[in-house]
Amino acid sequence: MRFETPTSVDQAVALLAADPEARVLAGGTDLLVRLRAGQIAPSAIIDIKRIREMTVISQEDGGWRIGAAVPSAEMNEHAALKADWPGVVESADLIGSTQIQGRATLAGNLCNASPAADSVPAMMAARATARIAGPDGTRDVAVEGIPTGVGKTSLEKGELVTSIFLPAKPAHSGDAYLRFIPRTEMDIAVVGCGISLTLDDQGKISDARVALGAVAPTVILSQSCADTLIGTAGDDAALDALAAAASAEAKPIDDKRGTIAFRKDVVGVLAKRAAKIAITRAGGKTGGET
Amino acid sequence: MPKDEYTSRDFKVVGTRPIRPDGIEKVTGKARYGADISAPGMLWGAILRSPHAHARIKGIDTSKARAMKGVKAVITRADFTHQPEDSGMADILDNCMAGDKARYDGHAVAAVAATSKSIARAALAAIEVDYEVLPHVTDVDEAMKTGAPVVEPGRQQESVPEGYCENVTGRSQYGHGDPESGFEQADLIVERSFKTAATHQGYIEPHACLATLDSDGQGDLWVCTQGHYMVRNVCAGVLGLDAGQLRVTASEIGGGFGGKTHVWMEPTALMLARKSGKPVKLVLSRDEVFRATGPTASSSVDVKIGMTSEGKITGATATYRLQAGAYPGGIAFLSAMCGFAPYDLENVRTEGFEVMTNRPKAAAYRAPGAPMGAYPVESVIDELCQKLDLDPLETRLKNAAREGTRSSYGPTYPAIGLEATLEAAKSHPHWSAPLGENQGRGVACGFWFNFGGDTCVSLMVNPDGTVSLSEGNPDIGGSRASMTMMAAEELGVPLDQVRTIIADTASLGQNEVTDGSRVTFAVGLATIKAARHAIEIMKERAAMTWGIDPEAVDWRDGAAHPAGPNAGKFPPMTIKEIAAIASNTGGPIAGHHEVNAEGAGVSFATHMVDTEVDPETGAVKVLRYTVFQDAGKAVHPDYVEGQFQGGAAQGIGWAINEEYIYGDDGRLQNAGFLDYRIPVASDLPMIEPVILEIPNPGHPYGVRGVGETSIVPPLAAIANSVSRAAGVRLTSLPMSPPRVLAALKAQ
Ligand SMILES: Cc1cc2nc3c(=O)[nH]c(=O)nc-3n(C[C@H](O)[C@H](O)[C@H](O)COP(=O)(O)OP(=O)(O)OC[C@H]3O[C@@H](n4cnc5c(N)ncnc54)[C@H](O)[C@@H]3O)c2cc1C
């Protein structure tokens with residue numbers, strides 16, 4: 001097995017294009033675990049942490065570009081990023097533990113393509129895009145376009161994600177991510193929900209994005225959930241409708257981490273609780289009557 | 001039972017909290033655990049395991065593996081040519097290396113030794129096993145049904161009445177009086193069924209050993225175990241070796257909690273070493289630890305208790321069905337003995353059924369059988385208290401066993417501490433603290449026998465007057481500290497003058513396993529007596545020097561003194577002075593003691609816990625936890641508190657999230673700490689330990705074992721707390737969020 005440390009995106013693309021069995025290594029918190037467990041045996045490991053542009057967080061068009069090798073611990077220390085997208089930063093802050101977060105990346109969380117990945121619903125809700133470099137150049141793809149199934153992505157041969165872009169946050173907007181785990185940390189989401197929304201001048205929700213994690217083979221970006229919020233002030237009736245829509249959208253399985261009935265129930269509970277936080281962050285009030 | 005050992009005294013060392021002697025080595029990473037030792041020319045062992053829950057092994061082709069470069073030995077059951085006569089030994093052999101069939105997912109079927117780990121792994125992949133898959137059963141109630149797949153026919157004992165499935169291998173019965181007439185006197189009877197899942201001891205260090213075994217039958221084994229004498233005896237029995245030719249040394253141990261009181265793979269390492277002619281290191285992966293070593297049993301229990309409206313229990317019965325795993329044996333009898341042990345009952349009957357299933361052989365786990373013995377009983381008592389509007393502590397006090405009570409399992413108790421723990425609980429501020437919405441408070445009592453057993457200790461007075469103490473029990477809970485303290489106390493010397501080591505099997509006589517909470521009690525007793533033996537010798541030497549009768553010499557403060565004015569006027573001789581001239585007064589000085597220690601002194605605890613239940617998700621948060629337990633005498637209170645807290649922490653895991661999850665295919669689905677959810681630090685509140693000291697008459701200092709009782713009450717205490725918080729009685733463990741939410745919705 002070869003270990004490669006390219007210093008430019010072009011070098012990385014060339015290495016990947018030349019060897020279909022090669023794997024990208026970002027933080028390694030998924031990759032190395034699978035390697036040691038004997039689940040994968042790549043011919044080469046392409047470490048992207050020496051590629052300078054992939055290790056920085058920078059402002060762009062009022063939004064934030066986060067390099068694919070940036071560990072979540074750095075995002076957590078970035079006050080301005082956190083002020084704009086607290087839900088996304090908090091979602092990454094839930095990953096594993098302090099030690100894991102010293103390594104784990106958003107892009108790795110996305111490309112690992114687990115339906116339970118914590119940052120993915122938050123990124124989807126935030127309309128994040130992934131910049132992809134490959135032999136044919138560079139393209140930007142909405143985050144929801146990357147995972148295609150459990151452990152599968154839409155990346156082509158020779159392609160890798162170079163950064164994640166969080167767009168400029170509209171005025172009166174707020175986002176939130178909540179997950180359910182049976183313990184308080186070091187666990188995998190049984191259910192997750194990311195919500196981002198914008199209020200109009202009257203305090204009514206004018207735009208909303210709701211993403212549901214761990215209740216289907218890929219994270220669900222739910223229009224029907226968003227519709228229960230849009231045009232309302234996030235009153236109790238709207239939140240109940242949101243919970244019902246989330247439970248209806250969820251297509252979970254029974255497994256060692258939870259039952260179908262449990263996941264369907266709890267996804268509604270989390271949607272409601274996340275919506276309340278997002279509304280408060282957007283400057284609105286929750287819990288009122290219609 | 002000897003009752004004359006205890007005399008009250010003022011302690012100088014015992015009861016203080018000195019720094020632990022193994023601390024620096026451990027925090028600097030120098031301590032050597034099972035996998036930390038290597039030998040020149042060493043090979044790596046690896047084990048091939050069955051992917052099937054139950055399968056006949058029709059053939060194993062190892063030719064490809066044997067032909068691989070770097071592979072020095074490949075073994076299957078055919079290499080174990082010695083067939084042990086004893087059925088227990090034969091079962092251990094079969095568990096270490098499957099014979100005609102694989103009995104559970106993870107059962108060893110072959111093993112290799114190779115020059116590297118990766119070659120060993122590749123060699124395993126090259127072994128071809130021809131399996132005929134058989135129907136399997138992994139649930140204890142299913143396994144008892146007529147027509148269930150039989151794990152091994154012909155193992156049923158005579159104690160099992162006719163008509164039971166062959167998987168039921170044993171039945172035990174305890175109690176006295178007539179429960180039926182007792183129920184007639186009751187104002188309320190509650191009858192319920194309960195289930196608990198199989199749980200893992202959760203030790204951090206996987207099993208590991210380094211073995212050599214030469215063609216002349218001489219061998220050495222370095223191993224992570226709770227009992228290296230047991231390992232020696234079992235390996236000798238399984239392989240047909242002389243115990244005296246096999247020297248076993250215990251490594252430091254990263255936890256065991258009962259999981260390392262058995263032999264799972266050491267004979268395999270020895271056989272690989274014999275066949276390859278090289279030292280072989282064998283280290284299990286976490287996955288192997290889960291799939292192929294023993295968790296504790298899962299259980300299915302029926303309990304019926306009758307109570308008067310004043311809270312007196314009039315009649316009680318319980319039937320325990322415990323899963324023994326793939327071999328006969330089991331611990332249902334212990335559940336049946338322990339369940340009602342805290343109470344003074346006129347009419348009580350219990351029975352236990354040992355049931356074989358296609359799971360790994362169940363192992364001991366901290367007070368084996370007692371937690372699932374107590375959980376159903378304490379739950380039903382709590383429900384009776386709720387329904388009769390009675391105080392759960394007062395009700396337990398009303399029924400509490402005390403000195404002279406005939407226990408539910410037979411013996412009559414000497415002085416015991418149950419009432420003291422209940423009284424301490426009643427007067428603790430925790431009991432009267434307010435509770436918020438969705439919160440509940442639970443209490444429960446627990447009992448454990450404690451154990452003594454075969455013990456040898458040697459205490460050497462060195463030429464410079466320092467003391468070397470050898471004991472034969474791996475130090476899991478701080479026993480080196482406690483032994484050092486007891487030796488220093490008895491000799492009257494400063495603590496730093498004594499060092500305690502764990503001797504190998506060739507250096508001391510037989511010692512029982514570190515289990516049954518026996519070590520501080522039994523090895524402590526032997527240490528005190530070995531010190532007394534050395535003191536007698538030192539008194540003789542002083543008497544010889546002074547030319548007086550040894551009877552006329554006293555020992556105090558680390559020195560010999562003339563007993564009184566009549567004995568003569570001599571300045572005291574210190575241990576240093578006596579040691580310095582030992583060569584001239586008769587030779588080296590050493591004390592020793594060998595005993596089958598009796599009088600361990602039973603132990604009781606009461607636990608109190610507050611939880612909060614999230615009514616929308618079923619998540620349980622443990623808010624506050626207090627442990628009240630009788631320690632007899634706390635030799636090193638830090639360690640005693642650690643035992644109280646550790647048992648409660650493990651109990652919290654068992655109660656709320658931990659379980660072995662088997663699929664329909666009979667395979668274990670959560671063989672690792674990600675999905676086998678032991679509590680993490682942030683899941684736990686501060687667990688407050690309250691030490692009670694009711695001296696054990698069977699120990700010179702009054703010591704009782706403390707290591708196991710602390711895991712007996714938590715399952716019920718937490719279940720009672722959650723049931724009160726949720727407003728619905730929970731009868732199945734773990735009380736994981738899906739279960740709690742389903743119970744809330746079913747209301
Ligand atoms: C103890 C522990 C706890 C964990 N807890 C959580 C948790 O709570 N929540 C959660 O969501 N996850 C958790 N994880 C999983 C993991 O930490 C996250 O998925 C993390 O975000 C992965 O990031 P990484 O940079 O380490 O990815 P890596 O392991 O480096 O890569 C993951 C996968 O993505 C590919 N990849 C990485 N970067 C790129 C790229 N730029 N372009 C293309 N492909 C790429 C890799 O080839 C690999 O297949 C946990 C892991 C561990 C070990």
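Predicted model: local features only at pLDDT ≥ 70, side-chain atom pairs only at ≥ 80, totals over all residues.
Is Arg441(B) buried or exposed? At 11% relative accessibility, Arg441(B) counts as buried, since the cut-off for buried is under 20%.

**View 1. Arg441(B) and its surroundings.** Look for Arg441(B) in strand E16 of chain B, which covers residues 439-448. Its side chain has a polar partner in Asp610(B), and the two side chains are joined by a polar contact of 2.8 Å. A polar atom of the Arg441(B) side chain also lies 2.9 Å from the backbone oxygen of Trp431(B). Beyond its neighbours within four places in sequence, Arg441(B) is in contact with several other residues, including His430(B), Pro434(B), Met608(B), Asn720(B) and Arg724(B).

**View 2. Where chain B meets chain A.** Here 21 residues from chain B and 19 residues from chain A take part in the contact. Together the two chains bury about 1800 Å², with 52% of it on carbon and sulfur atoms. How many salt bridges are there between chain B and chain A? The count is 6 salt bridges. One to look for pairs the side chains of Asp675(B) and Lys256(A), at 3.5 Å from N to O. On the side of chain B that touches chain A, the residues divide into 10 nonpolar, 5 polar and 6 charged. Across this interface, 13 residue pairs are in polar contact.

**View 3. The ligand and its neighbours.** The ligand is surrounded by 32 residues, and Val24(A), Thr29(A), Asp30(A), Thr105(A) and Asp118(A) are the closest. Follow an oxygen atom of the ligand to the side chain of Thr29(A), where an N or O atom is 2.6 Å away. A nitrogen atom of the ligand is likewise 2.6 Å from an N or O atom in the side chain of Asp118(A). Gly96(A) takes part through its backbone, with a polar atom 3.0 Å from a nitrogen atom of the ligand.

**View 4. Helix H12 of chain B.** Why is helix H12 (residues 392-399) described as largely enclosed by the rest of the structure? Because 6 of its 8 residues are buried. These buried residues are Pro392(B), Leu393(B), Thr395(B), Arg396(B), Leu397(B) and Asn399(B). At the start of H12(B), find Asp391(B): a side-chain oxygen of this residue reaches to within 2.8 Å of the backbone nitrogen of Leu393(B).

**View 5. Salt bridges in chain B.** Side chains of opposite charge can pair when their charged atoms come close. The structure holds 65 salt bridges over all chains, and a few are picked out here.

- Arg17(B) and Glu641(B) meet through their side chains at 2.9 Å, N to O. Arg17(B) lies in the segment before helix H1 and Glu641(B) in helix H19, so the pair ties together parts that are 624 residues apart in sequence. Arg17(B) is partly exposed, with a relative accessible area of 45%.
- Arg155(B) forms a salt bridge with Asp91(B), and their closest N and O atoms are 2.8 Å apart. Arg155(B) sits in the loop between helix H5 and strand E7, while Asp91(B) belongs to helix H3, so this pair ties together parts that are 64 residues apart in sequence. Asp91(B) counts as buried, at 14% relative accessibility.
- Asp220(B) and Arg247(B) form a salt bridge with their closest N and O atoms 2.8 Å apart. Asp220(B) is in strand E10 and Arg247(B) in strand E11, so the pair ties together parts that are 27 residues apart in sequence.

Conventions: Residues numbered from 1 in each chain as written. Chains lettered and ligands numbered in written order. Heavy atoms only, no water. Helix = DSSP H or I, 4+ residues; strand = E, 2+ residues; numbered from the N terminus. Buried < 20%, exposed > 50% of the residue type's maximum accessible area, 1.4 Å probe, protein only. Polar contact = N/O pair within 3.5 Å; in protein donor to acceptor, adjacent residues only side chain to side chain. Contact = heavy atoms within 4.5 Å. Buried area = accessible area lost by both parts, 1.4 Å probe. Salt bridge = Lys/Arg side-chain N within 4 Å of Asp/Glu carboxyl O. Nonpolar A, V, L, I, M, F, W, Y, C, P; charged D, E, K, R; others polar. Near = heavy atom within 4 Å.
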